[in-house]
Amino acid sequence: MRCGLRRLTSVTLLGLSLGALVALSACRSVGTAPSPQSSSASTASSVTQAAVASPGLTPLTPLTPLTPLTLSTSPKPPPLSSDEIAAIVSHGPWPVAFTPDPGNRFSGQPAAIELGRRLFADPRLSADGKRACISCHQPNRGFADGLARSVAAHGGPLDRNSQGLLDVRLQHWFGWDGAADSLWAFVLRPLGDDREMGAGPSALAALMAGDPDLSSRYRMLDPNPDPTRLRIDIAKALAAYLETLDSPRTRFDTLRDALARGDLAATADYPGDALRGLQLFVGRGRCNLCHVGPAFSNGEFHDIGRPFMVDASRPDPGRHAGVKAVLADPYNRLGRYVDPIVDPTDDPAVRTRHLAPAHRNFGEFRVPGLRGAVLTAPYGHDGSLPGLADVVRHYSEIDLERLHADGESLLRPLHLDAQQSADLIAFLRTLSEPERRP
Ligand code: HEC
Ligand code: HEC
């Protein structure tokens, strides 16, 4: 609907990391040619989920394994240039060292993590006792739910696709539109929203009072809890648990670490099609302008030209509404529910202080991380892209008419042939494929 209007707005580019820009500069060849591998080597397998216990709900259906790519032509990948190597190395090391959320006094505390882990799978947190966080965030689906849009408590779809929660601690705005500036502040929403869990303060108080296990765990964390802050403390314990959901090291990380130590021969152990896909990702595809750094996300918001109507009459304003929501949120990092900052030089509230709504934010959504993406289909904020092949086709055929100006300067149709598309998918799959131990 607003494409015409949005195209008129003036825009500036969001900050781009140096690591991403490296990929744009000219290439100098230094590597040795890796030997091509059978493309079936890129068949994805499941990401192992260490941190999660059994949900206690209906057993989850296993995912159908992906069909291996079979393409007849398999040209050797060209040797890696030094610029390509620098760009690849910037997507690690993995995992990223843990730093506690300075506004959440439970962050990183084992007792809080355990309390949060139990609550995440507990259907008693929902108004009807029938759903838990884990219903829409399923461990074997990368903590997403496999639906285009999640089903609300009273039937009908929610407005958006359930986000996978792996590596969520590395983000600084939460939700597809970044409607909260901390993980625990975001969690208050599904907790209280009738369409998701619908757990009101009195229901939560009754749950804690009636369950000696939960209440003793809570007292271990805070011997004198303030009863008016129970809901906030529950959100903080849930956030402490979610911060532990790191995606495992992958086949990509083996390659990346080898390149970081100058071992170019290691490219021979990485599938040839995936290596060509990776060169496309950091090269002509310019994917790493937005899918930056170890988590493959710059944590910011862009319009890539996906539809943004929730239904025939209602647009999803995306980041435009997200900015307003953060500023109006009494639980934001500027509010009084944030625990005292231990190290004032590292105050994440700075971002919130500088936040201002801008017209260009209409139809922008947060850049998703790409680790473990094989598990979280369908894709996009509305789940309108069923598989990775559909995502790649979108970027290949992107309609510039749908984008506002900053998107236009970053994206252009790539016109990939079948081999290039398959290569890009093969690379993306290695971000979900567990590292091979020697
Ligand atoms: C009915 C399905 C449903 C339930 C139940 C649900 N969620 Fe979600 N969750 C979603 C959807 C959909 C989104 C995307 C929200 C958006 O962008 O507006 C989401 C997003 C999130 C995010 C943001 C992730 C990110 O990367 O920014 C977190 C954190 C989260 N949920 C945690 C929880 C917790 C904790 C619970 C239980 C208290 C819960 N959710 C219950 C569907 C659900
Ligand atoms: C201008 C920034 C930008 C560029 C460049 C970009 N992306 Fe994206 N990407 C996004 C945003 C934003 C989304 C989410 C869009 C939405 O939901 O409407 C996304 C979504 C995705 C998804 C879906 C992930 C999910 O969990 O839903 C994949 C996969 C993906 N991009 C891969 C790529 C590849 C491959 C390239 C290069 C061909 C690329 N991206 C280039 C910003 C970008």
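Two residues are in contact here if their C-beta atoms, placed from the backbone, lie within 7 Å. Keep that in mind for the helix pairs below, where one helix "meets" another through residues like Ala 112 in α4 and Leu 221 in α8. The model you're looking at is predicted. Its protein chain has 438 residues, and 44% of them are buried. In secondary structure, the chain comes to 16 helices and 4 strands. Take the contacts between residues at least 6 apart in sequence: 79% of those join residues at least 24 apart.

**Helix α4 and its partner α8**

- Start with α4, which covers residues 110-120, and α8, which covers residues 212-221.
- Their axes sit 9 Å apart, and the helices pack at an angle of about 150°.
- Angles over 145 degrees count as roughly antiparallel, so α4 and α8 are roughly antiparallel to each other.
- As for handedness, α4 and α8 make a left-handed crossing.
- On the α4 side, the residues that meet α8 are Ala 111, Ala 112, Glu 114, Leu 115 and Arg 118.

**Helix α4 and its partner α9**

- α4 also packs against α9, this time at an angle of about 100° and with the axes 7 Å apart.
- Angles of 65 to 115 degrees count as roughly perpendicular, and that is therefore how α4 and α9 are arranged.
- From α4, the residues involved are Ala 112, Ile 113, Leu 115, Gly 116, Arg 117, Leu 119 and Phe 120.
- They meet Ile 234, Ala 237, Leu 238, Ala 240 and Tyr 241 in α9.
- The contact of α4 with α9 splits into 10 nonpolar residues, 1 polar and 1 charged.

**Zooming in on Ala 112**

- Is Ala 112 buried or exposed? A residue counts as buried if 20 or more other C-beta atoms lie within 10 Å of its own; Ala 112 has 26, so it is buried.
- Leaving out residues up to four places away in sequence, Ala 112 touches Phe 106, Leu 221, Ala 237 and Ala 240.

**Helices α3 and α10**

- Another pair to look for is α3 (residues 82-89) with α10 (residues 251-260), packed at an angle of about 125° with axes 9 Å apart.
- That angle makes α3 oblique to α10.
- α3 goes past α10 in a left-handed crossing.
- Ile 85, Ile 88 and Val 89 in α3 meet Arg 256, Leu 259 and Ala 260 in α10.
- Of the residues in this contact, 5 are nonpolar, 1 is charged and none are polar.

**Around ligand 1, with helix α6**

- Ligand 1 has 28 residues around it, and the nearest are Cys 133, Cys 136, Phe 174, Trp 176 and Pro 190.
- Which elements give two or more residues to this shell? They are α5 (133-136), α6 (183-192) and α9 (230-242).
- α6 gives the largest share, with 5 residues.
- By class, the ligand 1 shell holds 17 nonpolar, 7 polar and 4 charged residues.
- As for α6, 8 of its 10 residues are buried, so this helix is largely enclosed by the rest of the structure.
- Those buried residues are Leu 183, Trp 184, Ala 185, Phe 186, Val 187, Leu 188, Pro 190 and Leu 191.
- α5 and α9 are among the things that cover them.

**Around ligand 2**

- Ligand 2 is surrounded by 26 residues, with Cys 287, Cys 290, Pro 368, Tyr 379 and His 381 the closest.
- The elements giving two or more residues to this shell are α14 (388-397) and α15 (405-410).
- The largest share comes from α14, with 3 residues.
- The ligand 2 shell contains 17 nonpolar, 7 polar and 2 charged residues.

Key
Residues numbered from 1 in each chain as written. Chains lettered and ligands numbered in written order. Predicted model: local features only at pLDDT ≥ 70, side-chain atom pairs only at ≥ 80, totals over all residues. Axes fitted to C-alpha atoms, helices over the stretch in contact; angles between N-to-C directions. Parallel < 35°, antiparallel > 145°, perpendicular 65-115°, else oblique. Left-handed = near helix turned anticlockwise from the far one by under 90°. Nonpolar A, V, L, I, M, F, W, Y, C, P; charged D, E, K, R; others polar. Near = placed C-beta within 6 Å. Buried ≥ 20, exposed ≤ 12 C-beta atoms within 10 Å, placed from the backbone.
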